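Welcome, and thanks for taking a look at this one with me.

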Amino acid sequence: MQTETTAVVHDDLPLTLSEAGHGRPVLILHGGGGPATVAGLAARLSERAHTLTPVHPGWDGTHRPGWLTGVDDLALAYLHLLSERKLDDVLVVGSSLGGWIAAEMAVRDTAGIISGLVLIDAVGVRIESAPITDFFALDARGVAEHSWHDPDRHYVDPAGIPSDQLAVRQANMTTLRILAGEPYMHDPKLLRRLGRVRVPALLVWGESDRIVSPAYGAAYAEAFGDGRLEVVPKAGHLPHIEQPDVTFAHIAAHMEGRAPLVVHE
């Protein structure tokens, strides 16, 4: 059974938090598309773990205090949340922007709260030869073409979206610009800091991601002290939506310490 609570990690930072399941704590961090993009993954993980899925401040109408202006602020806020809850042995799963937050959390986790990472098509680092696509410059069709293996299936015409939902999406993008717009979608210091992170890190990447290519998954995997890349065929930036069974199987094997999954196309 899922419950929604408000966790106050600072006087002016209430977090909207969905919780479900029992067992090992798993913090699930969404990307720029909002909490709906990880809802299915959270539901599956809650069958074997205690999932905590926050809404990032500023998304879906939630409060973002003026001082929260960077991904590092979010990373520290979520570490504070885990500490306040007295949680340990935490697996942090992050998609896109959420993967970046997860990596920043791991770098700053001096208390050893985090015991594992899953980064799904994460932004946060930069490869000069393959820059991250300028998401803010794309129209709706361009977003679909860059984000999905099968863009025709997932493209949504903005003309058919109710005005209130469009307003929420626009506000979400405004928050994303504030947190990750400059420098664009990365922390210049992050890549060299990842070697100090020794917990097992699984990098799950959609083979067809044209926002942040699989080369970024390889860079992350090499930079972590214990990183492994798994590329998901026939998937783009959100493999947990386009190929949920394969993506979840990779995560489950990682959680259980099993050998990497062999995917047959």
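The points below go from the whole chain to a few of its elements.

1. A word on the source: this is a predicted model, where local features need pLDDT of at least 70, side-chain atom pairs count only at pLDDT 80 or more, and totals for chains, interfaces and linings use all residues. Residues are numbered from 1 along each chain as its sequence is written, and side-chain values use heavy atoms, with hydrogens and water left out.

2. The chain holds 10 helices and eight strands (DSSP runs numbered from the N terminus: helices are H or I with at least four residues, strands E with at least two).

3. Along the principal axes, the C-alpha atoms fill a box of roughly 45 × 45 × 40 Å.

4. Of the 265 residues, 51% are buried (under 20% relative accessible area, 1.4 Å probe, protein chains only).

5. Strand 6 (residues 114–120) is mostly covered, with six of its seven residues buried. Strand 6 pairs with strand 5 (residues 90–95) in the parallel sense over six bridges (pairing takes at least two DSSP bridges). Val-90 has Ile-114 of strand 6 as its bridge partner.

6. In helix 4 (residues 140–147), the buried residues are Gly-142, Ala-144 and Ser-147. Their cover includes helix 5 (151–154) and helix 9 (239–242).

How values were computed: Buried means under 20% relative accessible area, exposed over 50%, partly exposed in between (1.4 Å probe, protein chains only). Contact means heavy atoms within 4.5 Å.
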